[in-house]
Each structure stands twice: as structure tokens, then as C-alpha cells.
Amino acid sequence: MSAEIIRRVDSCLEAEAYPLIGAGRAFDNLCRIVGPRADVPSEGWRHRRWSVVRDLASISAIMPRAIGYLRRCRGRYDKVVVVGDTSAVILSALAGLKVDLYIDVFKTGYSHRYTAVESQAIRRAVKKVFCRDDMLAAQLREKGIDAVSHGNIMLDTVTYGDIAITGSKDDGISRVGLLPGSRTGTPQAFALQIDALEMIAKRANVIGVAAIADGIDIAALAQAGGLAYSPLPASHTHDMGHLSGRGIRIELYRGATGNVIEASDVVLSQAGTATQQALGLGKPVITFFPPEHRKKRMDDEQALMGESRLLLPPDPAAIAFETARLLEDPAERARLGAIGKQRLGGPGTLDAVIAELCRGDPADKRGTGHPK
């Protein structure tokens, strides 16, 4: 999401990115990456129990350096934008760094609202907040904070490729979208999805269409699923070939999550952002939850998603049964899809953010023609 903002403001602003956690691969060949960064075991994925405790050592080590760096950034930039959760807002408040725009991509008015500490940090550090829904923005406005909602920025940043994935209405084949995720454990999640798809294929004319995140090794997915990989030449930007075996076929795509979602009748997802994108695009989603995942996080997500996401145990038979049931019931798919669209919101935030950033450009302090 941050990278897409940078791409869009290239004509009016020179940008630098500070990914507090991780390597910042999204900014490769896009802009300069700055600041000290933490490498945490959970990769910021708050589904597992005790993940916060396991991450504390790394985060505690980086916090003094991060605050010191942000303190040195005061007066360096014409615009400061925070995208994500409130942790960077809190660090900015501690460093005395003013944030022009805070784009919150996690909290919602349905659940997981702002705590008193978070509200105070936002009031202290942030000039304007973009929330995902107006219920959440209203909570901040009641405290005298300039907060608005133009939609869900996750829906502004769905990736599409110049490809056509034939839909089931054209050929009588049902398509199950697979979003296995992008973190540690992706091959294991993919293997369970394949087990379920194999069961479905015994009773329905079905194929899988998978959106493969950057950095995920397709060979590792093939091995985990017990499938053979048939790649396409490197000249194919988005179509990565297919996997086959066990009576099923999985078409693979990279950088085309939107194409995969829109071509799917039902989506099996262990991804984070892509799950919300699928729901926002009107597709019912089935997710399984291992018992070690954090129940509170799952409950918070379910309060937002409602019926549009089916949350199941990691049992291929249960996943196959529910997927087949939805494939056979287009009216129920449409009902759940409508709930997802209403709950997750539509696009619009990105355009509003770009307009805010590029409106009334500050005087250029470096003579490059691009304020920073």
C-alpha cells in the first residue's frame, strides 16, 4: 500500500520509505529505504499465540534506535505519512515527529477500536487520519481529531495483470481461488488447500487458480502439495504455468491477485490483505485456523467480516464440504459476497490521499523540483 502511494506521487514528491519491520522488499527499485529496521520472528503476523512476547526482544532492541532516527527526521521532510497500525504513530509521538497523514489499515468500527493510549498518540502526532470506515473515524472526531473515511485502501491496491482467466460461466468449470499467503508456513497452508481441492475434484468439475506472492518458491509449493510443476517461459510476466497431479490442476499467477479473485467462484485463503481484498470484491472466503493462532485476533477479524468469511478448523474434509456446498449454490455465494462488499468497503482512499499529498506543494528545499 505504501509502495503504491509512492508510485502515484512520483510526479509531485520525492519519496523515501522507512519500513520499521522487515526488509522492505515492496520498495525495491522504487525509492530509497532509510532507518533502522527490526526483523521479528512473527513477521508482524499476529495470529499465533504469544507472538507479541516472542517479538519483544527484537522490537525492544530497535525501539531506542527507531525513536532516535525519527527524532533526527524532524524538519527533514515536507510530508510525513504513516501507513499501517498505530505502532509507528506512537513512536513518532515519542520522537516529537509530526505526521501529516496517518492511513490506518487495520482497525475498524466493527471491532478493535482505538485504545486511550492510541487516541492520545494520534492526537499528539497526527494532523489527519484516513480510517477504513466512518464508524472508526467518528470515534476520533469525537476527540477533536481530523479523521475521514473514503473506503478501504486495500481495495485500491489490488494487483491486476494484463491477462484473461476464463470464468466458470464460460466453460462450465468451477474455479476455486487459492491464496496461500506470503509468510512462513505458506507451503503447509497450500498443501492443506490442495488436500481439500482433491476431495472436491472427485465430485465436481473444478480447477484451482492460485495467486502466488512475490518471494514464494513455486517449487516448494509443488513439493508440499505432491504436484508436478509445468512452468512457462520467463517472458510470461503474470502467468507462471500450472501444477498438476492427484487428479487436479492449479493455474498459477503472480502480480495478478485481482484477476484470480474475480475469476474464482469461491476463495480459499490463508493470506491477510488478500483475504480482505477478496471479500471486498464480493467473493466468499473460506479460511482455516490452526489451534495455535491467537483467538482474539481471529475474533476481531470475524467481527469485521461476518458471514462473508467461513472460519473452519484445519480439516481438509470440512474445507472441501463447505467449498463444494458453495459451488453448488450460486444464490448463497451472491449473498455472502454482498456481505463482504458491505463490510470491507470499496476503493477511494488512495485517490483522496494522493490529492491531499500533492495539493499545494510546499516550496522545494533542495532545488530538485520535487518536495520530499
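These legends describe close-up views of a predicted model.

**Figure 1. The four-stranded sheet.**
Four strands make up an open sheet, in the order E3-E4-E5-E6. The pairing in this sheet is parallel. Strand E3 (81–84) and strand E6 (147–149) are the edge strands, and each of them pairs on one side only. From one strand to the next, the twist averages 20°.

**Figure 2**
E3 and strand E4 (residues 99–104) run parallel and are joined by four bridges. In this pair, Val81 stands opposite Leu101 of E4. E4 also runs parallel to E5, and four bridges join these two strands. Here Tyr102 has Val129 in E5 as its bridge partner. E5 is mostly covered, with five of its six residues buried.

**Figure 2. Helices packed on the four-stranded sheet.**
Helix H3 (residues 87–95) packs on the sheet and touches E3, E4 and strand E5 (126–131). The direction of H3 makes about 145° with that of E3. Helix H15 (residues 349–358) lies across E3, E4 and E5. H15 runs at about 175° to E4.

**Figure 5**
Five bridges pair strand E7 (residues 174–179) with strand E8 (residues 206–211) in the parallel sense. Val176 stands opposite Gly208, which is in E8.

**Figure 3. The nonpolar cores.**
The largest nonpolar core has 33 residues. Which of them touch the most other members? They are Leu178, Leu243, Ile250, Leu252, Ile286 and Ile319. Helix H8 (residues 186–201) gives the largest share of this core, seven residues. Apart from this core lies another, of 29 residues, among them Cys73, Leu91, Ile122 and Ile145.

**Figure 4. The surroundings of Ile286.**
Ile286 is one of the residues of the largest nonpolar core that touch the most other members. Neighbours within four places in sequence are left aside in this view. The contacts of Ile286 are then Val266, Val267, Leu268, Ser269, Leu310, Leu312, Ile319, Glu322, Thr323 and Leu326.

**Figure 5. Gln193 in helix H8.**
Gln193 has its place in helix H8. Is Gln193 buried or exposed? Its relative accessibility is 2%, and the cut-off for buried is under 20%, so Gln193 counts as buried. Leaving aside neighbours within four places in sequence, Gln193 is in contact with Leu178, Leu179, Pro180, Leu268, Ser269 and Gln270. Gln193 and Ile319 are 126 residues apart along the chain, and their C-alpha atoms are separated by 8.1 Å.

**Figure 6. The crossing of H13 and H14.**
Helix H13 (residues 316–327) and helix H14 (residues 330–344) have axes that come within 6 Å and cross at roughly 100°. Angles of 65 to 115 degrees count as roughly perpendicular, so H13 is described as roughly perpendicular to H14. On the H13 side, the contact is made by Arg325, Leu326 and Leu327. On the H14 side, Pro330, Glu332, Arg333 and Leu336 take part. By type, the residues of this contact are four nonpolar, no polar and three charged.

**Figure 7. Gly348 in the loop between H14 and H15.**
Gly348 is found in the loop that lies between H14 and H15. Gly348 has a relative accessible area of 24%, which means that this residue is partly exposed. With neighbours within four places in sequence left aside, Gly348 is in contact with His150 and Asp156. Gly348 and Asp156 are 192 residues apart in sequence, while the distance in space is 6.7 Å, C-alpha to C-alpha.

Notes
Residues are numbered from 1 along each chain as its sequence is written. This is a predicted model: local features need pLDDT of at least 70, side-chain atom pairs count only at pLDDT 80 or more; totals for chains, interfaces and linings use all residues. Side-chain values use heavy atoms; hydrogens and water are left out. Axes are lines fitted to C-alpha atoms, for helices over the stretch in contact, and angles run from 0 to 180 degrees between N-to-C directions. Angles under 35 degrees count as roughly parallel, over 145 as roughly antiparallel, 65 to 115 as roughly perpendicular and the rest as oblique. Contact means heavy atoms within 4.5 Å. Ala, Val, Leu, Ile, Met, Phe, Trp, Tyr, Cys and Pro count as nonpolar, Asp, Glu, Lys and Arg as charged, and the others, Gly among them, as polar. A nonpolar core is a set of buried Ala, Val, Leu, Ile, Met, Phe, Trp, Tyr and Cys residues joined through side-chain atoms within 4.5 Å. Buried means under 20% relative accessible area, exposed over 50%, partly exposed in between (1.4 Å probe, protein chains only). Two strands pair if DSSP finds at least two bridges between them.
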